[in-house]
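Thank you all for coming.

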Amino acid sequence: MNVNFAFFKKEIKEILRAPRYITLFILFVAFGILSPATAKFMNEIFVLFAVDIPIVLPDPHYLDAWEQIFKNTNTLLIIVYMIMLSGSIVSEKIKGSILLVLSKNVSRSNFVLSKVFAGYLVFFVCFTASLLIGMLYTQILFQEVWFSGAGYAILLSYLMGLTFTAIAIFVSIVSKSSTIAALLGFVGFTVLSIFTVIPQLVKFNPLGATALISGIMHQTVETVDIWINVGAMVVFFGALVGFGIYLFKRQEL
C-alpha cells in the first residue's frame with residue numbers, strides 16, 4: 001500500500017487553497033496565544049466578575065498554561081479538525097470527482113492513504129504552530145516553559161491527531177453525506193470520552209491520552225502506561241485505516 005505521490009501533492013495543493021483549512025490554522029494559532037494568556041490572567045478575570053464575593057485563588061503557574069494548551073488542543077480543536085476532515089472522501093463521492101481520480105492510475109488504497117497523510121499533515125502543521133506559539137507566550141508570561149515529561153505529553157498529542165485523522169477518514173468512507181460523517185465522527189469522540197471514566201481502560205484508550213498528559217505534568221503516571229497508550233493509538237490507527245481501505249475497495253461508486 002504505497003502512496004501515489006503525484007496524487008498526494010495534488011491533495012496538498014488543494015488543502016493550501018481550501019479556506020476551511022486556513023481558518024483551522026488560524027484557530028490553532030489563536031488558541032496557542034490565548035491558552036497561556038488565559039492561565040496567566042484567569043485570577044483577574046474571576047475577581048472582575050466576582051463582585052462582593054471574597055475569592056482566594058492560587059498564583060498562576062506555567063503548568064497552568066500547558067494544561068490550557070493541551071485541553072484546548074485535545075478537545076475543541078481536535079473536534080473541529082476531525083469534523084472538517086470527515087468530509088474529504090464522502091464529498092468527492094457525492095460530486096462524482098472520485099471516479100475521475102480513480103481512472104488516472106490511482107488505486108483505492110492509494111486514494112485513502114493520500115487522504116490520511118494529507119489530512120494528518122494539516123494537523124501536524126496546525127498543532128506545531130500552536131505549540132510553538134504557546135511555548136513562546138508561556139516563556140514570556142511565566143519566564144519558564146519546559147517541564148519533566150513534556151516530550152511524552154507532546155508525543156501523545158501528536159498521536160491523538162493521528163488517531164482522529166483515522167476516525168475522520170473512516171467515517172468519510174462509510175457515510176453517505178458530509179453531515180452524517182461529521183455526526184459519526186463526533187459520536188466516535190463521545191464514545192471514547194465515555195470510556196475515559198474507567199481508570200483501568202485509560203491507557204488502552206486513544207482519548208485516555210488526555211488523562212495521561214495531566215498525570216505526566218503532575219508526575220503521577222508510570223512511563224510504561226505512556227508507552228502502552230502510544231502502542232494502543234498506533235494499533236487503533238492502523239486497524240481503522242486498514243478496515244477503511246477494505247470497505248472502500250468493496251464500495252460501488
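This is a predicted model: local features need pLDDT of at least 70, side-chain atom pairs count only at pLDDT 80 or more; totals for chains, interfaces and linings use all residues.

Is Lys203 buried, partly exposed or exposed? Lys203 counts as partly exposed, because its relative accessibility is 26% and that term covers the range between buried, under 20% relative accessible area, and exposed, over 50%, with a 1.4 Å probe and protein chains only.

Residues are numbered from 1 along each chain as its sequence is written, and side-chain values use heavy atoms, leaving out hydrogens and water.

Lys203 forms a salt bridge with Asp225, with the closest N and O atoms 3.5 Å apart; the term asks for a side-chain nitrogen of Lys or Arg within 4 Å of a carboxyl oxygen of Asp or Glu. This pair links distant parts of the chain, 22 residues apart, with Asp225 in helix H10 (residues 223–249) and Lys203 in the loop between H8 and helix H9 (209–217); helices here are DSSP runs of H or I with at least four residues, numbered from the N terminus.

Searching the whole structure gives two salt bridges, and Glu92 with Lys115 is one of them, the closest N and O atoms being 2.5 Å apart. Glu92 lies in helix H4 (residues 90–95) and Lys115 in helix H6, 23 residues apart, and both residues are buried.

Also in helix H6 we find Leu132, which is exposed, with a relative accessible area of 54%.

Terms used:
Helices (H or I, at least four residues) and strands (E, at least two) are DSSP runs, numbered from the N terminus.
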